[in-house]
Amino acid sequence: MASCMKIVGMVLTALLGAFYIMSGTMILTPALNADVHNQMRSDFVKFAEVSPFLLVGLELSPVEYAQVTGIVQITLGAMLLIPLATLNLLGNIGLLVVMASAIQVHIMVKDPLEKAVPASVFFILLGVRLLLVTSSSPQKSSKKVD
């Protein structure tokens, strides 16, 4: 059972890492899909008005907000694919924050519910991945050595 969970965690990790690298790339460049790129860029015009970066006093233009988001998604997605536990954990937590922010932004700009569904689904998948990976990692013994 534990090995099955480990395999599921590894597959989910690979799929999520690849997805975020692809998603970030589509935000940054029209090379993969020009229509999706253009739609995302137009969405960032309204997203920039309620950007979470405003909470820390950083006002980004829609283009800058899209570029930061794309770079962050690619970086954190790559961190999921690098076989170092600490990087995996940081990448996972970072992407959870990005998806929570995306859900918040969709709500704040009053997007229809279906626009927030992908971010919500990926938030859940990242949460499941985090649980799978952390529950299958070796536990330190709590026994005292005399």
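I started with confidence by element, keeping in mind that this is a predicted model. Helix H3 (residues 62-81) has the highest mean pLDDT among the elements, 97. Helix H1 (residues 2-28) has the lowest, at 92.

Next, salt bridges. How many does the count come to? I get two, taking a Lys or Arg nitrogen within 4 Å of an Asp or Glu carboxyl oxygen as the rule.

The one I looked up to begin with joins the side chains of Asp43 and Lys115, at 3.3 Å from N to O. Asp43 sits in helix H2 (residues 34-47) and Lys115 in helix H5 (residues 113-136), so this pair ties together parts that are 72 residues apart in sequence. I also checked how open the two partners are. Asp43 has 11% relative accessibility and counts as buried, whereas Lys115, at 29%, counts as partly exposed.

The other salt bridge is Lys46 with Asp111, 2.6 Å from N to O. It again links distant parts of the chain, 65 residues apart: Lys46 is in helix H2, and Asp111 is in the loop between helix H4 (85-108) and H5. Buried or partly exposed, I asked of Asp111? With a relative accessible area of 13%, Asp111 is buried, because the cut-off is under 20%. Lys46 comes out at 27%, which is partly exposed.

Last, the nonpolar cores. The largest one has 16 residues. Which of them touch the most other members? My list reads Leu16, Tyr20, Leu95, Met99 and Leu126. H1, H3, H4 and H5 are the elements that give two or more residues to this core.

Leaving out residues up to four places away in sequence, Tyr20 touches Gln73, Ile74, Gly77, Leu95, Met99, Phe122 and Leu126.

Another background note: in soluble globular proteins, nonpolar side chains tend to be buried together.

Conventions. Residues are numbered from 1 along each chain as its sequence is written. This is a predicted model: local features need pLDDT of at least 70, side-chain atom pairs count only at pLDDT 80 or more; totals for chains, interfaces and linings use all residues. Side-chain values use heavy atoms; hydrogens and water are left out. Helices (H or I, at least four residues) and strands (E, at least two) are DSSP runs, numbered from the N terminus. Buried means under 20% relative accessible area, exposed over 50%, partly exposed in between (1.4 Å probe, protein chains only). pLDDT is the predictor's confidence in each residue, from 0 to 100. A nonpolar core is a set of buried Ala, Val, Leu, Ile, Met, Phe, Trp, Tyr and Cys residues joined through side-chain atoms within 4.5 Å. Contact means heavy atoms within 4.5 Å.
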